[in-house]
Amino acid sequence: MAKLEINQEKITDLSELMKICPFGAMEEKDGKLEINSACKMCRLCVKKGPEGAVTYVEDQKAEEIDKSLWNGIVVYVDHVDGKIHPVTYELIGKAKELARKISHPVYALFIGSDIKEESRELLHYGVDQVFLYDDPELSRFKIEPYTAVFEDFIQKQHPSAVLVGATTVGRQLAPRVAARMKTGLTADCTILEMNENTDLSQIRPAFGGNIMAHITTPNHRPQMATVRYKVMNAPERMEEEQGEIVECSIEKGKLKTNVEVLDIVLKEKEKFIESADVLVVAGRGVKKEEDLLMLEELAGLLGGQVACTRPVAENGWLDAKRQVGLSGRTVRPKLIITCGVSGAIQFVAGMDHSDQIIAINKDEKASIFKVAHYGLVGDLYEVIPQFIEKIKESQGA
């Protein structure tokens with residue numbers, strides 16, 4: 001950052017110099033002049049003070065990087081015991097789209113143990129190369145060895161951009177790799193665009209979703225971004241394999257870890273709203289907790305789940321895991337029915353890629369109608385019972 005530097009020896013009258021500042025940013029401490037946080041960098045002290053007493057120091061220009069030395073877009077393969085997380089395929093789809101614009105290859109980085117056969121599945125999605133680090137010491141995710149492997153790959157292959165799913169593992173791994181590479185990382189991107197000079201435009205909501213921040217890393221490589229599940233489009237699986245698998249190795253000493261896994265206890269399987277084909281969303285228009293039973297009945301008839309907006313979760317009526325939006329989960333169901341949801345941008349950003357959106361709200365000016373495919377202006381307490389009755393009739397119940 002630009003800054004003001006003080007030469008105490010050049011100051012002839014400290015009190016007179018302090019009077020120059022209109023913001024009261026200059027103060028005396030132990031007979032010396034200091035500049036506090038009230039400074040607005042107006043530089044009046046430089047212009048009107050004694051020559052050389054205060055000088056303005058410009059930012060040092062960032063050293064330009066040779067972008068031609070960094071080639072390719074790599075997707076980190078998120079998996080558990082070789083079972084690949086669907087967000088990986090979504091990121092491969094986006095990587096292919098970005099790579100076409102700059103004529104770069106698409107890579108996949110697969111880290112684990114006994115995963116060679118599983119790695120072949122990635123070749124059905126159009127990646128150029130799968131870099132496979134297959135080692136018994138990588139059988140379970142441990143942050144130190146996985147970071148070391150990721151760093152080893154980047155140092156050897158020099159990818160221009162790195163895409164990581166914003167999963168439990170990805171949120172731990174990406175920032176540590178970025179720190180190792182002394183580069184930037186943008187978390188929870190909702191839009192990614194590639195410039196012709198290979199700069200990746202990373203776009204994400206900021207300030208509670210009130211603005212969309214456009215972030216680039218022009219002077220560092222690789223460029224890194226994490227992306228939530230259900231935000232990007234996965235490519236169609238091809239019957240034939242395309243690309244090649246490159247088996248890699250790393251020094252055993254780099255796989256040392258200070259973490260010892262004593263036991264692994266499998267969690268009971270949960271139904272997550274991200275995987276639901278149908279969602280019925282409770283908004284602020286739902287008056288009391290017992291009324292959620294009506295929404296549960298509708299969701300059950302449609303083979304779906306009940307989700308909610310932030311106020312409902314904060315009231316404790318539903319678990320936070322069922323909250324849709326920027327501070328909750330990003331969903332992409334085939335059908336979503338919002339009940340008494342106003343349509344704040346924070347909520348909409350988490351569901352606007354749904355195939356069909358039906359909105360029920362008695363306020364015809366509610367923002368949710370701007371993104372809905374079908375809008376019903378009416379009281380949810382009148383509309384939903386009619387929905388339930390009609391569905392039961394059609395099902396012969």
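How far is the sulfur of Cys 39 from the closest cysteine sulfur? In this predicted model, local features require a pLDDT of at least 70 and side-chain atom pairs count only at pLDDT 80 or more, whereas totals for chains, interfaces and linings use all residues. Residues are numbered from 1 along each chain as its sequence is written, and side-chain values use heavy atoms, with hydrogens and water left out.

The closest cysteine sulfur to that of Cys 39 belongs to Cys 45 and lies 6.5 Å away, too far for a bond. With a disulfide defined as a pair of cysteine sulfur atoms within 2.5 Å, the count is 0. Cys 42 likewise takes part in no disulfide, the nearest cysteine sulfur being that of Cys 21 at 5.8 Å. Relative accessible area was classed as buried under 20%, exposed over 50% and partly exposed in between (1.4 Å probe, protein chains only). Cys 39 is partly exposed at 24%, and Cys 42 is also partly exposed, at 33%.

The chain comprises 10 helices and 21 strands, assigned as DSSP runs numbered from the N terminus (helices: H or I, at least four residues; strands: E, at least two). Its radius of gyration is 27 Å, well over the 21 Å given by the globule rule for 397 residues, so the chain is more spread out than a compact globule; the radius is taken over C-alpha atoms, and the rule is 2.2 Å times the number of residues to the power 0.38. Along the principal axes, the C-alpha atoms fill a box of roughly 95 × 55 × 45 Å. Of the 397 residues, 44% count as buried. Contacts were defined by heavy atoms within 4.5 Å; among those between residues at least 6 apart in sequence, 64% join residues at least 24 apart.

Strand S13 (residues 200–206) is joined to S14 by 5 bridges, and Arg 204 stands opposite Ala 213 in S14.

Note on methods
Pairing = 2+ DSSP bridges.
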